[in-house]
Amino acid sequence: DQRALASDNYDAVTAFQILEHMVAPYLALKEIKARKLLASVPLNLWFAPAYRNPIDKRDQHFHEFEDWQFDWLLNKAGWDIKARKKFSNPVKKPGIRPLLRSFPPRYYLVYAERITP
């Protein structure tokens, strides 16, 4: 249900770690009427498959982005990126995958403003 996105009662919208769960995030991003957007997505990693929880079908990623893909998606949906940051979230567990996850950026955070026609 994306009816709330079409409201122009908001100055800004945040979307932290939700767009990757959507089949068509473009439609939601295009529908937002707010002037500002702060959004984060997981980055695609070469050593890890897309996240999937076999127990909960709602807890799965339809997308894991590369930074240029998310930039392009935002631009196509009418957003101008003003700032961006990549970061990792190191896990304090033993093992090769937790070690690998501490080096490359895992998340991508973007601040964008609506492009005025």
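1. Is L99 buried, partly exposed or exposed? L99 counts as partly exposed, because its relative accessibility is 45%. L99 is found in helix α3.

2. Some remarks on the basis of this note are needed. The model is predicted, so local features need pLDDT of at least 70 and side-chain atom pairs count only at pLDDT 80 or more, whereas totals for chains, interfaces and linings use all residues. Residues are numbered from 1 along each chain as its sequence is written, and side-chain values use heavy atoms, with hydrogens and water left out.

3. The protein chain has three helices and four strands. Read from the N terminus, the order of these elements is β-α-β-α-β-α-β. Helices (H or I, at least four residues) and strands (E, at least two) are DSSP runs, numbered from the N terminus.

4. Totals for the chain come next. Of the 117 residues in the protein chain, 31% are buried. The chain exposes about 8000 Å², and carbon and sulfur atoms supply 57% of this area. Accessible areas come from the Shrake-Rupley method with a 1.4 Å probe; for residues, only the protein chains shown count as cover. Among contacts between residues at least 6 apart in sequence, 68% join residues at least 24 apart. Here a contact means heavy atoms within 4.5 Å.

5. L99 also belongs to a nonpolar patch on the surface: together with I96 and F103, L99 gives about 350 Å² of accessible area. Patches are made of residues with over 30% relative accessible area and no salt bridge; like charges are joined within 9 Å, and nonpolar side chains (Val, Leu, Ile, Met, Phe, Trp, Tyr) within 5 Å.

6. Helix α2 covers residues 67–76, and F70, D71, L73 and L74 are buried in this helix. Why do the buried residues line one face of the helix? Seen down the axis of α2, they fall within an arc of 160 degrees, so they line one face. The arc is that of the directions from the helix axis to the C-beta atoms. As a general point, an α-helix has 3.6 residues a turn, so residues three or four places apart point the same way. The buried residues of α2 pack against α1 (25–31), β2 (36–42), β3 (79–87) and β4. Just after α2, G78 takes a positive phi of about 100 degrees.

7. How many salt bridges does the structure hold? There are three. A salt bridge is a side-chain nitrogen of Lys or Arg within 4 Å of a carboxyl oxygen of Asp or Glu. In one of them, the side chains of K86 and D67 meet at 2.7 Å, N to O. This pair links distant parts of the chain, with K86 in strand β3 and D67 in helix α2, 19 residues apart. K86 is partly exposed at 40% relative accessibility, and D67 is partly exposed at 25%.

8. Another salt bridge joins the side chains of R84 and D71, at 3.4 Å from N to O. Here too distant parts of the chain are linked: R84 lies in strand β3 and D71 in helix α2, 13 residues apart. R84 counts as partly exposed, with 48% relative accessibility, whereas D71 is among the buried residues of α2.

9. A further salt bridge is formed by the side chains of D80 and K82, at 2.9 Å from N to O. D80 is partly exposed at 34% relative accessibility, and K82 is partly exposed at 49%. K82 is found in strand β3. Leaving aside residues up to four places away in sequence, K82 touches Y111, A112 and E113. K82 and V110 are 28 residues apart in sequence, yet 7.7 Å apart in space, C-alpha to C-alpha.

10. Two loop residues complete the note. R106 lies in the loop between α3 (96–101) and β4 (107–114). R106 counts as buried because its relative accessible area is 14%. A polar atom of the R106 side chain lies 2.3 Å from the backbone oxygen of L43. Q17 is found in the loop between β1 (12–16) and α1. Phi of Q17 is near 55 degrees, a positive value in a residue other than glycine. Q17 counts as partly exposed, at 25% relative accessibility.

Conventions: Buried means under 20% relative accessible area, exposed over 50%, partly exposed in between (1.4 Å probe, protein chains only). A polar contact is a pair of N or O atoms within 3.5 Å; within protein, one must be able to donate a hydrogen and the other to accept it, and residues adjacent in sequence count only if both atoms are side-chain atoms.
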